[in-house]
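Reader: I am new to this structure and would enjoy a close look at one part of it. Could you take me through how its charged side chains pair up, and then show me what lies around them?

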Amino acid sequence: VVQYPENSDLQDALGWAYLLVGEAGNAAGHLEQALALDPDNVRALFHLGVLREQAGESGEALELYEEASRLEPRGAFGALARRALARMRGETVD
């Protein structure tokens with residue numbers, strides 16, 4: 001990330017790593033930067049949705065998951081977003 005700060009995927013990867021080790025503050029900054037660089041980065045949308053959901057910001061999490069699902073109707077992160085949406089809405093998740 002230091003070498004390529006304008007790379008949205010690297011910003012997302014570092015943000016996700018921070019989230020996985022419990023550093024939500026650092027995670028948010030990198031995930032938000034990833035989306036500032038590429039608003040259509042589906043992984044970053046999903047990862048920021050996870051962070052927002054964990055923070056109790058369900059409205060924002062739903063919006064992020066919906067956008068990820070819309071942008072990637074057939075891909076892996078779109079599918080993860082749809083599962084999260086169903087779970088948050090109390091629907092049956094396969």
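Author: Seven salt bridges are found in this structure, which is a predicted model. As background, side chains of opposite charge can pair when their charged atoms come close.

Let's begin with Glu32 and Arg52, whose side chains meet in a salt bridge at 2.4 Å, N to O. Glu32 belongs to helix α2 and Arg52 to helix α3, so this pair ties together parts that are 20 residues apart in sequence.

Glu57 is partly exposed, with a relative accessible area of 33%.

Now move along to Glu66 and Arg89, whose side chains form a salt bridge at 2.5 Å, N to O. This pair links distant parts of the chain, with Glu66 in helix α4 and Arg89 in the segment after α5, 23 residues apart. Both are partly exposed: Glu66 has a relative accessible area of 37%, and Arg89 has one of 43%.

From the charged pairs, let's turn to the nonpolar side chains. In soluble globular proteins, nonpolar side chains tend to be buried together. Here, the largest nonpolar core has 20 residues, and Leu48, Leu51 and Tyr65 are those with the most contacts inside it. Helices α2 (24–37), α3, α4 and α5 (76–88) each supply at least two residues of this core. The largest share, seven residues, comes from α3.

At 1% relative accessibility, Tyr65 counts as buried. Not counting residues up to four places away in sequence, Tyr65 touches a list of residues that includes Phe46, Gly49, Val50, Glu53, Ala81 and Leu85.

Tyr65 also takes part in ring pairing. There are two aromatic pairs in total. In one of them, the ring centres of Phe46 and Tyr65 are 5.6 Å apart and the planes lie at 35°, so the pair is tilted. Phe46 is in helix α3 (residues 42–54) and Tyr65 in helix α4, 19 residues apart, and the pair links these distant parts of the chain. Phe46 counts as buried as well, at 10% relative accessibility. Together with Phe77, Phe46 and Tyr65 form one aromatic cluster.

Further along helix α4 (residues 58–71) you will find Ser69. Ser69 counts as buried, at 13% relative accessibility. Leaving aside neighbours within four places in sequence, Ser69 is in contact with Gly78, Ala81, Arg82 and Leu85.

Finally, have a look at the segment before α1 (8–20), where Tyr4 lies. Val1, Tyr4 and Leu10 make a nonpolar surface patch of about 250 Å². Pro5 lies in the segment before α1 too, and is partly exposed, with a relative accessible area of 38%. Beyond its neighbours within four places in sequence, Pro5 is in contact with Gln11 and Leu37. Pro5 and Ala36 are 31 residues apart in sequence and 12 Å apart in space, C-alpha to C-alpha.

Notes: Residues are numbered from 1 along each chain as its sequence is written. This is a predicted model: local features need pLDDT of at least 70, side-chain atom pairs count only at pLDDT 80 or more; totals for chains, interfaces and linings use all residues. Side-chain values use heavy atoms; hydrogens and water are left out. Helices (H or I, at least four residues) and strands (E, at least two) are DSSP runs, numbered from the N terminus. Buried means under 20% relative accessible area, exposed over 50%, partly exposed in between (1.4 Å probe, protein chains only). Contact means heavy atoms within 4.5 Å. Rings of Phe, Tyr and Trp (its six-membered ring) pair if their centres lie within 6.5 Å; planes under 30 degrees apart count as stacked, over 60 as edge-to-face and the rest as tilted. Patches are made of residues with over 30% relative accessible area and no salt bridge: like charges are joined within 9 Å, nonpolar side chains (Val, Leu, Ile, Met, Phe, Trp, Tyr) within 5 Å. Accessible areas come from the Shrake-Rupley method with a 1.4 Å probe; for residues, only the protein chains shown count as cover. A salt bridge is a side-chain nitrogen of Lys or Arg within 4 Å of a carboxyl oxygen of Asp or Glu. A nonpolar core is a set of buried Ala, Val, Leu, Ile, Met, Phe, Trp, Tyr and Cys residues joined through side-chain atoms within 4.5 Å.
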